[in-house]
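Please go through the model below with attention to its charged pairs, its cores and its aromatic rings.

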Amino acid sequence: MQLAIILGLATFVLADEYSNANAGGTVSIPLSVDGDGRYCAYVAMSGGANKQNFTFGITTSTGYTAVAGRACGSGCGDVASFDQSQSNTATSLPTSQQIQLPGGNSASGNLIREDCALRQANQSYWNYPNQTILVANQSDSIFGSGTSGVLGLGTNARSGQFGDSIVGKFLSLNPSETNFTYGMALTPPNAISKDSGGVLHLGGSNDNYYQEPTVAWKNLLPYNGSAMDADFQMDMDGWTATSNAGTLTRESGLIAIVDPYYSTTIFPQTEATLLYSTISGASPVSDTSTSKVWSIPCDTRISMALHFGDQSFTIDQSVLVKRLGDRCYGTIEGWKDTAASEYLLGSNFISNTYMILVLSGANNGKIGFAKRTTVKSKNALSTGAIIGIAVGGGAAVLLLAILTAFCIRRRRQRKAANPSNGKAEWDKELPSTPSTDMNSTGNGVSSNHSHPTQWMGNYAPQPMAWPQGSPTQQPLLAPQDSPSLYTPSTQSSFTPAARQSYISMGNGASPVLSSPNPPRSLHSPVSAHSGMSVHSPPPMYNTNPIRVVERLSRPPAPVHGQSGLSGYP
């Protein structure tokens, strides 16, 4: 039973991961750039201990995902290859397939179904299980430079197998969704590094990356059997090139395909030849497998604006001139095939826009281009977060104000119940009244010593017995042996005569409090003055009047002892 629940939850999570691209929010897939300038995503095939990791170039020209197989070998550029025998989730299909990209790049092999996952920006994975994959056993210039496959984001309109594409599989698993949307924010070629190629947003566009009112939309044109190997095309409303030689313009009636798999933009050969004829020092130098290339002076100043509706998107020489060693080349090329009439807009154009594709079927959808904007900081707070912080902060301030008012009120109530003449309750002086226990000799100095009160245990007053012998014969505590707190139950009290007698002693003596502990050491000599024997404490004793403090934690007890002034006959 528990195993069934666990398996059911795992299946639910896997399906939910696939569906969250549109229904649950936008998924951010970080991109890298390989040695050939292809923008790539990190893909995991199979799973668990058998997971195999690859780098796949992204393409919009096909809906198939293809990976180099073990049988491909050097034909696939000696890249990391998929080993089906090590996967416990791959299922072979009884068919083979060939994919063709613009210009003749191709791969062919057997089809399988396999669980795949794209690595997200947060290092977790977006899973798309049971995906149709072409395992290539031969290839023509599709793989290489560390790139082991292609991630098809097209619709398979040419093969008629929409359900085998990532887009088609998503819509079949999510019938409530009317389309699958994705956006691309590619890093421009003059700013890329190996691991910072931009981001692919699956399940929607991210308006942090573009100026939303400036999106120029174009409907995708159905595949019509054109010689150009791409699943969809679109109308382009013209282009304008500006260089030192002047301005060259081409208007309306243009057909274009868009594919980030290619790092350059490719014009019909006659159009590219015309363009470079306006640049002094430009000359054709070589042909690739698909296109013609021109060398140009490295200080060439040129800009190219592509027009879509009422929007124009301009790229300049920082993108259109590429330096290789001590020579420079134009990144606008011409088709090698003179019959090709379409324009291919590669990553050098796409990276200067934010591109959005909304696909609802094999031949239905639209494409949009928007002007890029500065990306908001990852640490920036959303509007909702800011509102939440403001509301929470206001509530905290209100709570603090209420608590403060409550404390002030409680303090006033306590003061009203226990008045203390403006002094804190824990720091008020005991009343300075004569002890009723005291036997006066007329001058206010006791001739008898009662037992002083001592605080003990739970602070109940207890009589403290003097040691054997006359208290007048016991030595006083030396300063270093004196307790840090004197007995709080005794209070010095002087009659006027006693006070005058004490002052007239003239030797700096101070009244001495009785110690709560038995005296242990040093006593000072006895001196006689005005018929009174008085013990003189060491001169280091403070001559300031002693203040006995009562603490709230210890309620005052009745005074049973006498003054702390020790008299000797």
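Asp-34, Asp-36 and Arg-38 are linked in a network of salt bridges, a salt bridge being a side-chain nitrogen of Lys or Arg within 4 Å of a carboxyl oxygen of Asp or Glu. The model is predicted: local features need pLDDT of at least 70, side-chain atom pairs count only at pLDDT 80 or more, and totals for chains, interfaces and linings use all residues. Residues are numbered from 1 along each chain as its sequence is written, and side-chain values use heavy atoms, with hydrogens and water left out.

In total, 8 salt bridges are present. One of them joins Arg-113 to Asp-164, with 4.0 Å between the closest N and O atoms. Arg-113 belongs to strand E6 (residues 106-119) and Asp-164 to the loop between strand E8 (149-152) and helix H2 (166-173), so the pair ties together parts that are 51 residues apart in sequence. Helices (H or I, at least four residues) and strands (E, at least two) are DSSP runs, numbered from the N terminus. Asp-164 is buried at 11% relative accessibility, while Arg-113 is partly exposed at 30%; buried means under 20% relative accessible area, exposed over 50%, and partly exposed in between (1.4 Å probe, protein chains only).

Another salt bridge pairs Lys-218 with Asp-237, the closest N and O atoms being 2.8 Å apart. This pair links strand E11, which holds Lys-218, to strand E12, which holds Asp-237, across 19 residues. Lys-218 is buried at 15%, whereas Asp-237 is partly exposed at 29%.

Both residues of that pair are also in contact (heavy atoms within 4.5 Å) with Phe-308, whose other partners include Met-234, Leu-345 and Phe-369. The largest nonpolar core has 70 residues, and Phe-308 is among the members that touch the most others, together with Trp-239, Met-304 and Leu-345. Such a core is a set of buried Ala, Val, Leu, Ile, Met, Phe, Trp, Tyr and Cys residues joined through side-chain atoms within 4.5 Å. A second, separate core of 24 residues includes Val-79, Leu-134, Tyr-262 and Ile-266.

Phe-308 also forms one aromatic cluster with Phe-313, Phe-349 and Phe-369. Over the ring of Phe-313 sits the charged end of Lys-371, 4.8 Å from the ring centre; this requires NZ of Lys or CZ of Arg within 6 Å of the centre and within 35 degrees of the ring normal.

Note on methods
Rings of Phe, Tyr and Trp (its six-membered ring) pair if their centres lie within 6.5 Å; planes under 30 degrees apart count as stacked, over 60 as edge-to-face and the rest as tilted. Lists of a residue's contacts leave out its neighbours within four places in sequence.
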